[in-house]
Amino acid sequence: MTKYWGLAELKMSPLLEDRAAVSGELDQQEPNSGEFSTMAHDITKLKQAGAAFYASEARFRNVFEKAILGIAIANTAGTLLEANESMAQLLGFARQELIGMNIGMFTHPDDLVVENVYLREIQSGERDDYRMNKRYLTKQDSLIWVDLLVTAVPESNGDGIELIGLVVDITERLRFDAELRIAAIAFESHEGMILTDANAVILKVNKAFIRATGYSVDEAVGQTPKFLQSGRHSEAFYLEMKDTLHRTGGWQGEVWNRHKSGDVGPQWLTISTVFADDGAVTHYIGRHQDISERKKAEERIEELAFFDPLTGLPNRALLLDRLRQWKRTSGRSDRFCALLLIDLDNFRTLNDTLGHEVGDLLLKHVGLRLKACVRELDTTARLGGDEFVVILASLGTDEHDAAKCTEEIAGSILSALNQPYELNGVTHHSTASIGAILFKGTSIPVDDLMKQADLSMYKAKASGRNAFRFFDSAMEVAANERASLESDLRQALLEKQFLLHYQAQIVGNSRLLGAEVLVRWQHPRRGLVPPNDFIPFAEETGLILPLGLWVLETACQQLAKWATQPEMEHLTLAVNVSVRQFSQPDFVNQVITLLTTTGANPQRLKLELTESLLAHNVEGIIEKMFVLKAKGICFSLDDFGTGYSSLSYLKRMPLDQLKIDQSFVRDVLIDPNDAAIAKTIVALAQSLGLAVIAEGVETAAQRDFLANVGCHTYQGYFYSRPIPLEEFERFAQQSFLALCLTLI
């Protein structure tokens, strides 16, 4: 048993005269201020009877042994001298265990503060009894509440006093009282509640019920709940409710009740049956919760869940549901349906120039025009952005006729959408691209139908926009190939299937200046994949970012290795950097980090940028270039003359070199225009103090022409193809040896 505390001197009061007197007085106990129940306050007679009875030891012993309440006698030190069987059972001990035990071992420490005050008053003669509700801890460590009456009586020899205590277990009564208080509080909840008898006659209603219904207590009590019925439910509804109550003891559901004002509204009703111990129904408790706002919210949620808030058209969720329905219906009726995917051409331009408010207004007009072009049984939906979908239902059993009807409706849609729009005082013209697919039955999944319509829509855009295209299988083949390529490309990055080839850059007749690194893909099934087959796709999908970072890191590692080899330490490496890669906010930090971690000499690294870079955030590009230039990195402008050249930008960029594109070099000997362009680029580079290099040099005649106009650095098949690292290093060693021999 857990020992909590030691008790100061405990004194107890005399017993009642006999068992009947004890039981009678205890039966008179009343609640004390709504808290714990206590015995009657007037205990004078009890004390007198107890003192007289104490003189009669035989009678005392008889009652002591047979009393149904706990009786204990203790000395002033709190040691138990006597305890009856009821006391022992109350505390869970054998009687012999209790004798000699200090009562403080059973008293909760929080109750000792009050009790000690009473005890001191008894010891000082200020009082000769006290009464309190307190807690005892049983031998089994259970906490119980008791009503304790203690009276001090003289010892039989007259030398001192003894304490006699009467103990009544009130644990269950307190729990019951607490449950009653909780029930009373719960009844006065924010929900309307009624209590009826077994015949459904209302006995009590709470304040929330009065507020919700408009009826007073007097108007409700004595009636049955039928006076609330709105008339919207059938007799069968109430019979089913009654049957469920009888079978299960409860019912809940939505009901429409009538307010005193006559208004009718929805409520959620919960009815619970109260049973007596013998199983008989004694009461019914009904809870009425007003769900008017919830119903409105549910309707709004449904609207948001299935309809586009801007145009009021069905959204993707409702569209897909109807598409599934029409697939099933078309299979049963053997009639074709069509799915049209409509995308507005150049919608982003409108948003960027006139703002999203005008763009939203256009989308509303488009929704209205689309609905006007189709039949009542067709579905017009907005997928999101500037994409709309139309389901043409029940087009007939003949596929050719269904296709013809689809084309006619698509033509009407294009014509309607081509008409001018008046948008906040601005006249706007817009076109659309439409892709379509016929379907019948459930053989093709919904997702595949959507994908095929999307592919045909992009085919319409590729044909020049403002067009309509039906889906064909070749589109799907191309799309699958692209998806396969993207998957393979991602796997290649994980498995490091890429490698670098090196193409020599020569200055003068034969001196090796360095190389340009060119990425190759060693595909496990396709073999060596050239860059033109995957670089554009990597750019489009964003995979160029991890790929470009790998190329840059590998080049820096190679420069660091060459720095330890005398025949290689002077070589530079040129690395192509894509527009997307250079535009990343952390690109500069990436380059600097790679140089630091690899130990590469930044002066041996040359970043080749294409002219297309100048079409994107020129100021930000120039700022990044200056930061990297300060670290010693060189810059070459690749494919010069083929793109967005601007002399105003060119003079501001910290370039080191211009690169004549191979398209000009290839025909420089036979096309006067290419020759003039090559001369102009060389002259421009010289005037700006920049070096110049020509790529695509394949013949000695081309080299000689370029040398004559002032270009003395070359790259092309005339000197070397792009070759693997081992071959290039042999090429470099031979070039270094040849150079050494010329110097001897």
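Q: Before we start, what counts as a pocket here?
A: On a 1 Å grid over the protein atoms alone, a pocket is an open set of points with protein on both sides within 12 Å along at least five of seven lines. Keep in mind that this is a predicted model.

Q: OK. How much space lies in the largest pocket?
A: About 1000 Å³.

Q: Which residues are closest to its centre?
A: Glu516, Leu518, Pro531, Asn532 and Asn576. They belong to a lining of 37 residues.

Q: Which elements give two or more residues to that lining?
A: On the strand side, β21 (511-523), β23 (572-577), β24 (605-610) and β25 (634-640). The helices are α18 (535-541), α19 (544-562), α20 (579-582) and α24 (662-666).

Q: Which element gives the most?
A: β21, with 5 residues.

Q: And how do the lining residues divide into nonpolar, polar and charged?
A: The largest pocket has 15 nonpolar, 12 polar and 10 charged residues in its lining.

Q: Next one. What volume has the second largest pocket?
A: About 740 Å³. Its lining holds 24 residues. Ala200, Pro225, Lys226, Tyr238 and Met241 lie nearest the centre.

Q: How does the lining of the second largest pocket split by class?
A: 13 nonpolar, 8 polar and 3 charged.

Q: How many bridges join β11 to β12?
A: 9, and the two strands run antiparallel. For a landmark, take phenylalanine 275, which stands opposite valine 281 in β12.

Q: Now the mixed sheet. What is its strand order?
A: β14-β15-β13-β18-β19, an open sheet of 5 strands with mixed pairing. At its edges stand β14 (379-384) and β19 (468-470). Each has a single partner strand, so one side of each lacks a neighbour in the sheet.

Q: How far are neighbouring strands of this sheet turned against each other on average?
A: By 20°, direction ignored.

Q: How many bridges join β13 to β18?
A: 8, between β13 (residues 337-344) and an antiparallel β18. Within that pair, isoleucine 342 stands opposite isoleucine 434 in β18.

Q: Which strands does α15 lie across?
A: β13, β15 (387-392), β18 and β19. Helix α15 (residues 399-418) runs at about 160° to β18.

Q: And what does α16 touch?
A: Helix α16 (residues 446-462) packs on the sheet and touches β13, β14, β15, β18 and β19. Its direction makes about 140° with that of β18.

Q: Where is serine 430?
A: In the loop between β17 (426-428) and β18 (432-439).

Q: Buried or exposed?
A: Serine 430 counts as buried, because its relative accessibility is 7% and the cut-off is under 20%.

Q: Which residues does serine 430 touch, leaving out those up to four places away in sequence?
A: Asp345, Leu362, Leu417, Asn418 and Tyr421.

Q: Is asparagine 424 buried or exposed?
A: Exposed, at 54% relative accessibility.

Q: And what about the phi of aspartate 141?
A: Also positive, about 65°, and aspartate 141 is not a glycine. Its place is in the loop between β5 (129-137) and β6 (143-154). Aspartate 141 is partly exposed, with a relative accessible area of 42%.

Technical notes:
Residues are numbered from 1 along each chain as its sequence is written. This is a predicted model: local features need pLDDT of at least 70, side-chain atom pairs count only at pLDDT 80 or more; totals for chains, interfaces and linings use all residues. Side-chain values use heavy atoms; hydrogens and water are left out. On a 1 Å grid over the protein atoms alone, a cavity is a set of points where a 1.4 Å probe fits but cannot get out, and a pocket is an open set with protein on both sides within 12 Å along at least five of seven lines; lining residues have an atom within 4 Å of a point. Grid points are joined across faces, edges and corners, and a volume is the space filled by probe spheres set on the points. Helices (H or I, at least four residues) and strands (E, at least two) are DSSP runs, numbered from the N terminus. Ala, Val, Leu, Ile, Met, Phe, Trp, Tyr, Cys and Pro count as nonpolar, Asp, Glu, Lys and Arg as charged, and the others, Gly among them, as polar. Buried means under 20% relative accessible area, exposed over 50%, partly exposed in between (1.4 Å probe, protein chains only). Contact means heavy atoms within 4.5 Å. Two strands pair if DSSP finds at least two bridges between them. Axes are lines fitted to C-alpha atoms, for helices over the stretch in contact, and angles run from 0 to 180 degrees between N-to-C directions.
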